[in-house]
Amino acid sequence: MQLSRVDPESATVMGILPACSHLAALQLGVCTHGYLIVRGFTEDVSVCNALIDMYSKCGKINVARVVFDIMNKRDVISWNAMIAGYGVHGRGREAISLFYDMQTVGQMPDEIIFIDLLFACSHSGLVAEGKYLFFRMCQEFKISPRMDHYLCMVDLLRRNGLLDEAYGFIQNMPFKPDVRIWSALLAACRIHKHIILAEEVSNRILNLTRKSGNILELLRSYTVVGKYIDDQSFDIMNNPFRYLQSFLSSN
């Protein structure tokens with residue numbers, strides 16, 4: 001494009017930066033950033049949002065914060081990108097602090113912001129903070145939780161060993177939980193050797209999907225806690241699809 005003397009537009013740039021993000025191509029991203037500064041593209045909010053995302057995904061969260069701080073104007077996506085970046089890097093307290101800064105300047109959060117906040121809490125072990133944010137989302141901001149919000153909450157609880165609480169939380173959901181939620185809890189049952197709950201959760205998954213992978217996950221749970229697996233169980237492991245056919249025909 002440059003050799004053809006065609007000047008790029010912001011739309012062109014918005015195609016380059018996400019590519020750098022997905023490839024974690026930091027050097028290319030930095031060079032692109034320098035070009036954007038020279039050409040004056042950094043006055044565009046969308047371009048700066050893409051830069052924040054690029055630096056976050058390339059492991060340079062502090063540089064992403066510098067880009068965020070020097071922006072003349074920010075939209076909700078700017079705040080979301082920065083909070084998401086902190087969450088990915090396990091810096092939950094900074095994500096929450098930025099959320100309060102966002103409220104201070106009068107920017108209203110959306111449902112995506114809370115997904116990123118709950119994710120940040122989950123990966124930072126901030127159980128009380130995550131519960132409080134979920135409560136505020138529902139009661140103060142009147143945002144109806146989606147499946148992704150519930151998934152983040154279950155992940156938060158199960159990562160901290162609160163399996164029974166996570167199970168109760170799932171039971172009280174206003175809509176039917178999907179396989180992702182049950183699978184997250186099943187994985188935690190395996191880690192924490194909670195075989196009774198693992199059986200219950202695995203049955204839920206089987207009823208939803210009828211997929212052999214869930215049977216294998218249950219068998220792994222048995223193996224972890226040292227529970228005796230008989231010949232039939234080994235047959236299930238070696239021939240999961242045959243077992244499924246038998247299971248489906250009997251239900």
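Student: Which residues make the nonpolar surface patch of about 330 Å²?

Tutor: Patches are made of residues with over 30% relative accessible area and no salt bridge; like charges are joined within 9 Å, nonpolar side chains (Val, Leu, Ile, Met, Phe, Trp, Tyr) within 5 Å. Accessible areas come from the Shrake-Rupley method with a 1.4 Å probe, and for residues only the protein chains shown count as cover. A salt bridge is a side-chain nitrogen of Lys or Arg within 4 Å of a carboxyl oxygen of Asp or Glu. Here Y100, Y132 and F135 make the patch. This is a predicted model, where local features need pLDDT of at least 70, side-chain atom pairs count only at pLDDT 80 or more, and totals for chains, interfaces and linings use all residues. Residues are numbered from 1 along each chain as its sequence is written, and side-chain values use heavy atoms, with hydrogens and water left out.

Student: Why does Y132 count as partly exposed?

Tutor: Buried means under 20% relative accessible area, exposed over 50%, and partly exposed in between (1.4 Å probe, protein chains only). Y132 has 44% relative accessibility, so Y132 falls in the partly exposed class. Its place is helix α8, residues 127-139; helices are DSSP runs (H or I, at least four residues), numbered from the N terminus.

Student: Is S122 buried or exposed?

Tutor: S122 counts as buried because its relative accessibility is 4%. S122 lies in helix α7, residues 111-122. Contact means heavy atoms within 4.5 Å; leaving out residues up to four places away in sequence, S122 touches C152, D155, L156 and R159.

Methods. Helix = DSSP H or I, 4+ residues; strand = E, 2+ residues; numbered from the N terminus.
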